[in-house]
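Please read them with the coordinates open.

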Amino acid sequence: MNERLIELALAGVMLMVLILPFSVKYVEEELEIFFFVMGTIAVSISGLWSHELLIEALREPLMISVAVLLAGLAFRSVRERIHGWIQAGVRRFGHRVVLMLVVAGLGLLSSVITAIIAALVLAEVMTALKLPRSVEVKVVVLACFSIGLGAVLTPLGEPLATLAVATLRGEPHHADFWFLARMLGAWILPLVLGLGIWAGLLKGEDNESANTLSEDRPEGMKDVFKRAGKIYLFVMALVFLGHGFRPVVDRYLVTASPLLLYWINMISAILDNATLTAAEISPMMDAAHIRDLLLGLLISGGMLIPGNIPNIISAGKLGIKSKEWARFGFPVGLVIMGGVFVLLLVV
């Protein structure tokens, strides 16, 4: 297959990856299997199968999958106590302080306990709070922005970070466990703290009779192990997708303007940012390209529910509708995108 046909075939695979999860119910329900199939097809089209790729695909999901499993088991052991802790905190410090600590705290912890567990904790916290639904939706949106941003600081936090470190581990970047923390920490930490302060400024009084958010159902042990298995398959699929799309990425995206990539990646609002990372990132990119690309994905990923894993989990468990999320999440994302863009212009 000549180079042009390879690029066209990969473009077709990419279109299916971007479109089918939103248009075919079975694909949406079995997303990990779908991505795995698409990843193997992409690698086959590119002709990049190798023993080293298979080893990488088996190895890279291990750390985050084990972290999700252990954190999930730990969460189950303290889940029933969370309500008491939150209510005690509200009585002692008030809603504003508790909201600030929850939003900033989950963002800072998400790179350790994983974004998935942070989102589950968030669902429990919001169930325990007794604020008007409109306020609680805003808190969830701000918290998911915070979790999505904070989780990138280590490969444990979320699939996006796992894949980015795996892709950049070799020459010339030599990415290690703290690679993304060094590159993005000075950007992420102020944003997480700022989101916490924003949540603390939201108005809302204790109101037992208010229409509040509540978790759909508690998780069973089977759910904990099933989630870890799905994360393993999902990250493996992303490794295959990343390698399979490499010819197109190296040809067209490596030479693109970093700031252009930053704004282009607003599509992360409607497409999972880990999937876009697999489709875009390359070791051939310089540090500015990688930084701007990832910041664009991370920030815009909070705008709408499909943008990242914490959004999907929190909205699903708490029954938040897409319009509710977008009404607040999209303007918040635009404000953050604009502010960070100004800073990128001067650094």
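Predicted model: local features only at pLDDT ≥ 70, side-chain atom pairs only at ≥ 80, totals over all residues.

The points below go through selected helices, salt bridges and contacts.

1. E60 and its setting. E60 sits in helix α4, which covers residues 51–93. Is E60 buried or exposed? E60 is buried: its relative accessible area is 7%, and the cut-off for buried is under 20%. Leaving aside residues up to four places away in sequence, E60 touches T162, A166, R169, V235 and V239. The side chain of E60 also makes a polar contact of 3.0 Å with the side chain of R59.

2. The course of α4. Helix α4 is kinked. The kink is about 50 degrees and is centred on R79. Just after α4 comes G94, with a positive phi of about 95 degrees. Both spots deserve a look on screen.

3. Which residue pairs with R79 in a salt bridge? The partner is E124, with an N to O distance of 2.5 Å. E124 belongs to helix α6 (residues 115–128) and R79 to helix α4, so this pair ties together parts that are 45 residues apart in sequence. E124 is buried, at 1% relative accessibility.

4. Salt bridges in general. Side chains of opposite charge can pair when their charged atoms come close. The model has nine salt bridges by the rule used here.

5. E7 and R4. E7 forms a salt bridge with R4, and their closest N and O atoms are 3.8 Å apart. The cut-off is 4 Å, so a distance of 3.8 Å counts. Why are E7 and R4 about one helical turn apart? Because they are three residues apart in helix α1 (residues 3–23). E7 is buried, with a relative accessible area of 10%, whereas R4 is exposed, at 53%.

6. E7 and R251. The side chain of E7 also meets that of R251 in a salt bridge, 3.0 Å from N to O. R251 lies in helix α11 (residues 246–253) and E7 in helix α1, so the pair links parts that are 244 residues apart in sequence. R251 is partly exposed, with a relative accessibility of 45%.

7. The network. Salt bridges with shared partners join E3, R4, E7 and R251 into one network. E7 has a bridge to R4 and another to R251.

8. E324 at α16. Helix α16 spans residues 322–346 and contains E324. A polar atom of the E324 side chain lies 2.9 Å from the backbone nitrogen of K321. Beyond residues up to four places away in sequence, E324 touches R133, V137 and G319.

9. A256 in a loop. Where is A256 found? The residue is in the loop between α11 and α12 (258–264). A256 counts as buried at 17% relative accessibility, since the cut-off is under 20%. A256 touches L261 and H289, not counting residues up to four places away in sequence. H289 is 33 residues from A256 along the chain, and their C-alpha atoms are separated by 8.3 Å.

Notes: Residues numbered from 1 in each chain as written. Heavy atoms only, no water. Helix = DSSP H or I, 4+ residues; strand = E, 2+ residues; numbered from the N terminus. Buried < 20%, exposed > 50% of the residue type's maximum accessible area, 1.4 Å probe, protein only. Polar contact = N/O pair within 3.5 Å; in protein donor to acceptor, adjacent residues only side chain to side chain. Contact = heavy atoms within 4.5 Å. Bend = angle between axes of the 7 residues up to and from the residue.
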